[in-house]
Amino acid sequence: MQTQKTTTDPLRIAVIGGDGTGPEVVAEGLKILETVAARDGFAYELAEFDFGGDRYLRTGEVLPEGAVEELKQFDAIYLGAVGHPDVAPGILEKGLLLELRFQLDQYINLRPVKLLPGVETPLAGKGPEDIDFVVVRENTEDLYCGVGGFLKKGTADEVASQTALYSRKGCERCIRWAFEYTQRRNNPRGKMLTLVAKTNVLTYGHDLWWRTFQDVAAEYPDVKADYNHVDACCMWMVKNPEYYDVIVTTNMFGDIITDLGGMLQGGMGVAAGGNINPETGGTSMYEPMGGSAPKYTGQGVINPIAAINAMAMLLDQAGYSQSAGSIDRAVARVTGEKMQSQSAGKMGYSTSEVGDLVIAALG
Ligand code: IPM
Ligand code: MN
C-alpha cells in the first residue's frame, strides 16, 4: 500500500548539485518535485549548497566548518555527483561523499536493480519481470573506514596495509533493516533475503556477518534467509537475475555488485541510490549512481532518469509514497514509450526534454 504523509510542515531538502553533469540532472529531479508537490498538495523548501570540485579548487576546502551540522537540520539531501577532473582521486570522494555518509551515519545504502519498460539490458531475453531486486549495502564500515598505513613508503621494501573493520553493531543494524525491508517489499514471488559475502576466505569479518545474519533471521521466520558467496552472486546476477529479491552485503562488495546491477538495469543513466540513516531524525541522502561524467558537462545530453528515480526514493522514504509511486509509473511510461536509449546523447531527447516528458506523463 502506498501511503502519503499529510502535514503542513514543508519537506526540507538540501540540494548539492556537485560536479560535472550533477547539477543538470538534479535540476530535472527538482522539476519533477515541483510538479508532484503542486499536484499532490505538499510543501517543500530547498537550500542549495555549492560543495564540490569547483569550490574546492577555489577555497581549498571540501566541506566547510559547520557544514555537517547545518545539513543535519534538513529532512533529506539530494546529491548530483562528486568527482572533478582537476582534483586528485580520493579528495572529493572521501572529503565529501564518504564524509557525509559517515558523519550523518547513513548506514544503509539502498540500491534497487529494476529493469524499466523499453530499456535495453545486455541480458537478452530478460524483461522487467526478471530484473527487479534490491541491494542493501552496509555503508559505514569495511575497507571504507580508512584504517591502514605504509611502511617504508617509496622504497623497494614498501609495505601497505588496508584493513577491513566490521562491528557487531554495524552489521546487525544493517541486516535487521534489510529483513524489515524484505518484509515490507512483500515480493509475490516469495520474501527472500540473500546475504552476499565471502565466508570461505574472510573467515573472521564475514564469520561475524554470517553469525549475526543467522541470529537476526530467527526473528523473521516469514523471510527466507539465503546465502551466496560474492563471486557466485556476480554469476547469478547475470545468469538468473530473477532469483533475487533483496540482497544484503558489506560495503566493498556492495560497491562492486551494484555497478554490475546498474548495468543489468540499463546503465548508469537509470541507476539511483539512497544513503539512508533510518533512525528518527536521521538525515538521508539520495543520488544518481553514475559519476559526474565531466565530458558531457553542459551539453544537455546526460540522462536524468537516475536522478529522477533518486527523487522518487527520497519522497518514498520521506513518507510521500504515493507521489513516489506516481513518479515511478511516469518514468516507466517515458522509458517504455518515448526514449530511444538510456545512454548519454542517444536518448532521442535532451536532458531537460526527458524531464519534461516525465512531467507530461505525471498527468
Ligand atoms: C559509489 C561510489 C563511491 C563508493 C565512491 C565515489 C567513493 O563508487 O557510491 O558507489 O565507492 O562508495
Ligand atoms: Mn560505486
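Biologist: Before we start, what are the ground rules here?
Modeller: It's a predicted model, where local features need pLDDT of at least 70, side-chain atom pairs count only at pLDDT 80 or more, and totals for chains, interfaces and linings use all residues. Residues are numbered from 1 along each chain as its sequence is written, chains are lettered from A and ligands numbered from 1 in the order in which they are written, and side-chain values use heavy atoms, leaving out hydrogens and water.

Biologist: OK, which residues are around ligand 1?
Modeller: E93, L97, R101, R111, R137, Y144 and D255, taking a heavy atom within 4 Å as the cut-off.

Biologist: And what does the side chain of Y144 do there?
Modeller: One of its N or O atoms sits 2.5 Å from an oxygen atom of ligand 1. For R137 that distance is 2.7 Å, and for a polar side-chain atom of R111 it's 2.8 Å. A polar contact here is a pair of N or O atoms within 3.5 Å.

Biologist: Which domains does the shell draw on?
Modeller: Domain 1 (1–116 + 267–363) and domain 2 (121–265) each give at least three residues; the bounds come from an automatic or database domain assignment.

Biologist: Switching topic, how far apart are the domain centres?
Modeller: The C-alpha centres are 23 Å apart. The contact, meaning heavy atoms within 4.5 Å, takes 24 residues from domain 1 and 27 residues from domain 2.

Biologist: How much area do they bury?
Modeller: About 2400 Å² between them, 59% of it on carbon and sulfur atoms. That's accessible area (1.4 Å probe) lost on being put together, summed over both.

Notes
Polar contact = N/O pair within 3.5 Å; in protein donor to acceptor, adjacent residues only side chain to side chain. Buried area = accessible area lost by both parts, 1.4 Å probe.
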